[in-house]
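Work through these exercises with the model open. Each task is followed by a stepwise solution.

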Amino acid sequence: MPSRLTPTTSASDAAPSFPPMPDFAARLIAWQRQHGRHDLPWQNTRDPYRIWLSEIMLQQTQVSTVIPYYTKFLARFPDVAALAAAPSDHVMALWAGLGYYTRARNLHRCAQVVVEQHGGTFPASVEELAELPGIGRSTAAAIASFGFGARATILDGNVKRVLARVFGVVGFPGEKKVENAMWMLAESLLPSNASNAELSAYTQGLMDLGATLCVRGKPDCTRCPFAPDCVANLTGRQRELPTARPKKAVPTRRTWMLVLRDGNAVMLERRPPSGIWGGLWSLPEAADEASLAERARAFGSDGAVSPLASFSHVFTHFKLNIEPRLAELDRGVGALAALNDAHTAWVALSDLDSFGVPAPVRKLLDSLHGSLI
DNA sequence: CAAGCGTGGTC
DNA sequence: TGACCAAGCTT
């Protein structure tokens, strides 16, 4: 029998077991009610639509980043029917800047499935929720817990960090084996005889503990209800748990972007539905200087292309060096409008809000707009 | 299964 | 200032 301070799971353990933790749920619920968060914009409602919308936006995204987007979406699309009926381009335009654009597409599809196959009402079970586009196991549990008081566990970044520290779970949580062990542990910690309200508070408590006390950098163990039992706290290993992601070199790519300008308008191209910035509107690109000049001529420019300040943008898995080039046309607004189709759009620099434009491209165009005034 | 998928916060 | 990663899901 290992000491309760001994890590009891690792990548090589076939059947991990964990130290006992009496009253984990009761202590967490009590802590959440006294010290947790109760005034986030998506709290104090049982409307599954609002809960779902917030949970999708919060995937891999911090609360402070989500709040303005959540407010915008709720104002424009007050219910699931309004969202389902909206054109895809409107949804993408409103999502622009938030990242992970597959979420926006799945959000829209999910709204349509709820309307067409569930009569406009979100299903109440975790199993049915998890079948909907963009809703995985953890998000389904969050929606079911907050919306219906269901007994289901989440397992997000907060919970992984809390569990790794409190129970001394060793191994990168992104690894399947470690994640599976954490799902088992999280399930085992759910309270057995709790009310709907208590189950909601329990789920919120998991998130709140990880987001406000058991943070990555400097966890505030003095205020933690699990400090007397926490493996990381008792052994001074808060910094080592959870186990960090294995380091990997980030490759660099380079692209040339064409700012084709006619007066106050620029030309945008719709990107392919999958891949980086899928489905968004961006600038025409080429793999080198000469190819870009060729594209400019094909669009009717005289071939005079001038350089703008280059910059780089870092994604999760690669770094992109962007070489913007400026070319000018003088056709006038009326002639430009006739060129627009499903893949091409001439857009006034003052009207970019109507299009889903990637954040770094938006910044480039905004700076250009500013310099033209 | 691991890889692909954005952006901004934080230190 | 670059490293690290956040209320993960899909392929």
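**Exercise 1.** Does Gln60 count as buried or exposed, and at what relative accessibility?

*Solution.* This is a predicted model. Step 1: take the value, which is 71% relative accessibility for Gln60. Step 2: apply the cut-off, since exposed means over 50%. Gln60 therefore counts as exposed. Gln60 sits in the loop between α2 and α3 (63–76). Step 4: check the backbone. Phi of Gln60 is near 60 degrees, a positive value in a residue other than glycine. Most residues other than glycine have a negative phi.

**Exercise 2.** Find where Arg165 lies and what surrounds the residue.

*Solution.* Step 1: locate the residue. Arg165 belongs to helix α9, which covers residues 157–167. Step 2: look for a charged partner. Arg165 is buried, yet has no salt bridge. The nearest side chain of opposite charge is Glu240, 10 Å away. A salt bridge needs the charged atoms within 4 Å. Step 3: look for a polar partner instead. A polar atom of the Arg165 side chain lies 2.8 Å from the backbone oxygen of Val215. Step 4: list neighbours beyond four places in sequence. Arg165 touches Cys214, Val215, Arg216 and Pro219, among others. Its contacts also include Cys230, Val231, Ala232, Gln238, Leu241 and Pro242.

**Exercise 3.** Which form does the peptide bond from Leu241 to Pro242 take?

*Solution.* Step 1: read omega, which is near 0 degrees. The bond is cis. Step 2: compare with the general rule. Most peptide bonds are trans. Step 4: link back to Exercise 3. Leu241 and Pro242 are both among the residues that Arg165 touches.

**Exercise 4.** Summarise chain A as a whole.

*Solution.* Step 1: count elements. Chain A has 15 helices and eight strands. Of its 373 residues, 47% count as buried. Step 4: tally charges. There are 38 positive and 34 negative side chains, and the centres of the two sets lie 7 Å apart.

Technical notes:
Residues numbered from 1 in each chain as written. Chains lettered and ligands numbered in written order. Predicted model: local features only at pLDDT ≥ 70, side-chain atom pairs only at ≥ 80, totals over all residues. Heavy atoms only, no water. Helix = DSSP H or I, 4+ residues; strand = E, 2+ residues; numbered from the N terminus. Buried < 20%, exposed > 50% of the residue type's maximum accessible area, 1.4 Å probe, protein only. Lys, Arg positive; Asp, Glu negative; His and termini not counted. Polar contact = N/O pair within 3.5 Å; in protein donor to acceptor, adjacent residues only side chain to side chain. Contact = heavy atoms within 4.5 Å. Charge placed at Lys NZ, Arg CZ, Asp CG, Glu CD.
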